[in-house]
Amino acid sequence: MKNFVLSIFLIFLTFSGFAQHTFSGKVLDKADNKPLTNASVILLSQDSILQYFTRVDEDGKFTFKKINEQPYIFIVSYPKFELYTKPLTLTDADLTLEPIKLSSQANLIEEVVIQQKLPIRMNGDTIEYNAGSFETEKNAKLEDLLRRLPGLSVSADGQITAHGKSVSKVLIDGEEFFGYDPKIAIRNVRADAVDKVQVYERKSEEAELTGVDDGTRIQTINVVLKEEARKGVFGNTEALAGTSKLYTGNLFAAMFNKTERSGVTVNTNNMGSGNATGSLRMNSQIVGNPYSTQVGANYENQFLQKKMRLNTNYNFNTSGNNNESIGYRKQVLPDVGIQENHTDRKTENNRQNHGLRAEVRWRVDSTANFTLQFNADRGNSSSYSRTIDSLSNEKQGRVSRSINENSSDGTTNRSDLRLNYRKRLNKKGTSLNVLFTNRLNNGTTNSTVNETAVFYLKDSIGILNQERINVTKSNAVGGQIQLNQNLGKNLNFTLGYNVNYTKGSTELSSYNLKTGMQSRALDSLYSQDQHTDNSNNTLVSSMNFTAKKVIISLSNRVIYRSQALVDNIRSIDLNRTFWDNDFNMDMNFNISNRKGINLNYQNSFDIPTFAQLQRLQPLTNQLFIQEGNPNLKKTNKNNFRLNYNTMSLLKRSSWNINSEIGFVSNPIVNQMAIDSLSGVTTSSYVNVFGKSAWNASVNLNYGRPLFHNDVQFGGYMGTSYNNSFSYIRFANAAQNSQYTLNNTQTANVNVGVNLNEQNSKGLDYDISWNFSINNVRNSVNKDLNYTNLNTGGSAYLKYFLPKNFFVGSTINYALEGPTKFYTKSIQQFYTNLELSKKLLKSESLIASIKIYDVFKSYNNINRSTSADSFSQTQQQMLTRYVLLGLKWDFNKNLGKKNNE
């Protein structure tokens, strides 16, 4: 097996190719025979994919070296001169052309981009990729195409990153498809059905509905399908079975008919949701003993002569798991050094959920639009856990030990209704926007708790045996009326008023059970009868200026918040009012069709929540007490964001800088007191007056093709810094000692590279590697400040053999350097292997055998660190197993032209 992996890397390092030759020529001005210095010389493949690019030197000469023998489209262009283009076929000899003489005309280089569909272009703040310019394997999916696009990456579990930002929305022709899970779209839509991929930042749903910018941006990908791909049937089905009685089955089927789209997805497995597809790329460890079944359906269409559009989907999920884990946590404390908490846990859980999403958009007439959105969920769950905790510290030794058994059954019901009506009032652009929202959330949980705690230093035992019934209800109603007015050709003003009212209740009844008796008594310390009323009255205003190269948006919200809380068990009547002001400024500068800058500034306030304000709160166990602080003040937040994007259309390269810095004045922080005799933790909140918590980050991303555009290269570098505060006290509860202010500072620098090639010839690969340096400091115990190095990488290799066989392998490695909390580094290494064969003439049926964790080398240790604590866990996990499978991709007409 080691020889096989070594062979794969040797193949990767060896690029054997076709015969290669030199191609040269000269470009001159036809009027005076002078060189056209820096003229662009391009060689495209027959399907308009960029292969080679260069510029003319000061003598008018150009040279291409090591050109493969194949037909090309040869293009020469120079600003304000005619465009020269001709077919060209290189044979078995070097080629030197006669001088190419261009006549002066007004044909700009941008026209070449449009006519020849070059790979990347910018349209305002949108980066657009021509999908046909990026080669993928036959029957590849959208996920494979996205991995080929400069600036984009897709992790093993399907998380997309675009230009350093996480993508949370994937649209198909501007509409959500199976909106509850974007992974369904990227893993099932065919790559050969895609015309364009557009990447942009979308405003929040609230901002789009109300028209008032709240500063929130959602990184979004919109996939534009080819015209011929908007009608047809496509999908795939897969079945796998393996050792340890493992199985997974998948079905996805969709039908597109121009405006009508429908689809169904089914998955059932006992491998966990992360391994539901049996993908070799994914983290393949099976945690515990999971099971899962999901069924989803999606339907979209237009009615009433395309005046009404319906988009709806339904999802059903039933899943569960049981598992065992062990772990410990080390925490820095004043005076006693390090406190350790060892945990042994067993868990079981089961869940069922029904979800419905629906949106109706109705164009009433040429001046009015109506939108209805409705989401609803209904679920039930059951769980059981048994936890053993042991607490000790360096100075006092053993402090406490507890055994906690908890079982519960619960149901939840949620719904969200939004109605939005927009009406244009006159030809000058005056419009009216009316919005109504309603959210309902109800839940009931019945649980039993059996806990025994031994306090060694106090020589005492605490026993808790309870039945708990928790009923929660909330009803939120909101409305907004808004007037929009055009003040000129480029200027728009919006003024509006909205009101929101939320009424909620939490009735938690905790009964102490007496051994051997049916009677039970209400325990007020663990019970709650809380009722809340929260109302917001808001005056909103915004102004938008739009010009050819500049877009400026200013918005402001003045909010009056009223909060009231009553807890009948604790005789609490808490009322608070706050004034809040949120200001947002967003500016986009389009320097050219290749460069753009975005600048954003936000000023807002954080208002204390009911949980933070309420002094007395119900207990959950004997070792933890949560309290609030009714004297909390609001905090002021300032945030600045600057993004810069640029690209070379001809070289297919792009790079961007994303930077952000934020400040919180008088921040609300956690205040923790630990009883030195019992180990009981009391947590509360407090303002840190006169100080600012702040964070900053800068990320750079660069991408371009290499080796005659066969390989996509991506590189990134980022740095971040965070400065925060907390209070901590370690003392006997009877002592009146002061809290210690802990200042936590964390800094991180990370760099990484990625190489990706997919041409279905010889070796395809997707290789990435990263390094990061972490510096963590705290003021409570400076001896435990540390700097450590982490590094790691992954490789997905696929080698194509004769007769449609191929071998695939994923190799993962990670190294986490030592810190002051632990002196030994932790390494992670595992390899997955696959042998497959494509069957049928269309190569749409694949038979495979997959081996996971070939060397049984997966390290089942998970660590996490912060400035003042370190934790490590291990859990029941299956890493090595074998799967046999069949996968069939079916496609009728989708993405195919009539003559195909």
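Pro-99 is partly exposed, with a relative accessible area of 42% (partly exposed sits between buried, under 20%, and exposed, over 50%, using a 1.4 Å probe and protein chains only). What you're looking at is a predicted model, where local features need pLDDT of at least 70, side-chain atom pairs count only at pLDDT 80 or more, and totals for chains, interfaces and linings use all residues. Residues are numbered from 1 along each chain as its sequence is written, and side-chain values use heavy atoms, leaving out hydrogens and water.

**Around Pro-99**

- You'll find Pro-99 in the loop between strand E7 (95-96) and strand E8 (100-102).
- Setting aside residues up to four places away in sequence, Pro-99 touches Lys-26 and Leu-28. Touching here is contact, meaning heavy atoms within 4.5 Å.
- Thr-37 is 62 residues from Pro-99 along the chain, and their C-alpha atoms are separated by 14 Å.

**The chain as a whole**

- Count up the secondary structure of the protein chain and you get six helices and 51 strands.
- The radius of gyration of the protein chain is 31 Å, close to the 29 Å from the globule rule for 900 residues, so the chain is as compact as a globular protein of that length. That radius is taken over C-alpha atoms, and the rule is 2.2 Å times the number of residues to the power 0.38.
- Along the principal axes, the C-alpha atoms of the protein chain fill a box of roughly 100 × 75 × 55 Å.
- Of the 900 residues in the protein chain, 45% are buried.
- Take the contacts in the protein chain between residues at least 6 apart in sequence: 65% of them join residues at least 24 apart.
- The protein chain has 100 positive and 78 negative charges, and their mean positions are 2 Å apart. Lys and Arg count as positive, Asp and Glu as negative, while His and the chain ends are not counted. Each charge is placed at NZ of Lys, CZ of Arg, CG of Asp or CD of Glu.

**A three-strand sheet**

- Strands E11, E12 and E13 make an open sheet in the order E11-E12-E13, with antiparallel pairing. Two strands pair if DSSP finds at least two bridges between them.
- E11 (152-154) and E13 (165-166) stand at the edges with a single partner strand each, so one side of each has no neighbour in the sheet.
- E11 and strand E12 (residues 160-162) run antiparallel and are joined by three bridges. Ser-153 has Thr-161 in E12 as its bridge partner.

- Strand E26 (residues 397-424) runs antiparallel to strand E27 (residues 431-455), with 25 bridges joining them. One of the bridge partners in E27 is Phe-455, which goes with Ser-400.
- Six residues separate E26 and E27 in their hairpin, and Gly-429 in the turn has a positive phi of about 100°.
- E27 is also joined by 25 bridges to strand E28 (residues 460-486), again antiparallel. Asn-438 has Val-477 in E28 as its bridge partner.
- The hairpin of E27 and E28 has four residues between the strands, and Asp-459 there takes a positive phi near 50°.
- Next, 21 bridges join E28 to the antiparallel strand E29 (residues 491-513). E28 and E29 form a hairpin too, with four residues between them.
- Phe-493 in E29 is the bridge partner of Gln-485, and Phe-493 also stands opposite Met-543 in E31.
- E29 is joined to strand E31 (residues 528-546) by 18 bridges and to strand E30 (residues 520-522) by three, antiparallel in both cases.

**Around Arg-398**

- Arg-398 lies in strand E26 and counts as exposed, at 55% relative accessibility.
- Leaving out residues up to four places away in sequence, Arg-398 touches Leu-391, Ser-392, Tyr-456 and Leu-457.
- Arg-398 and Tyr-456 are 58 residues apart along the chain, with their C-alpha atoms separated by 6.7 Å.

Methods
Helix = DSSP H or I, 4+ residues; strand = E, 2+ residues; numbered from the N terminus.
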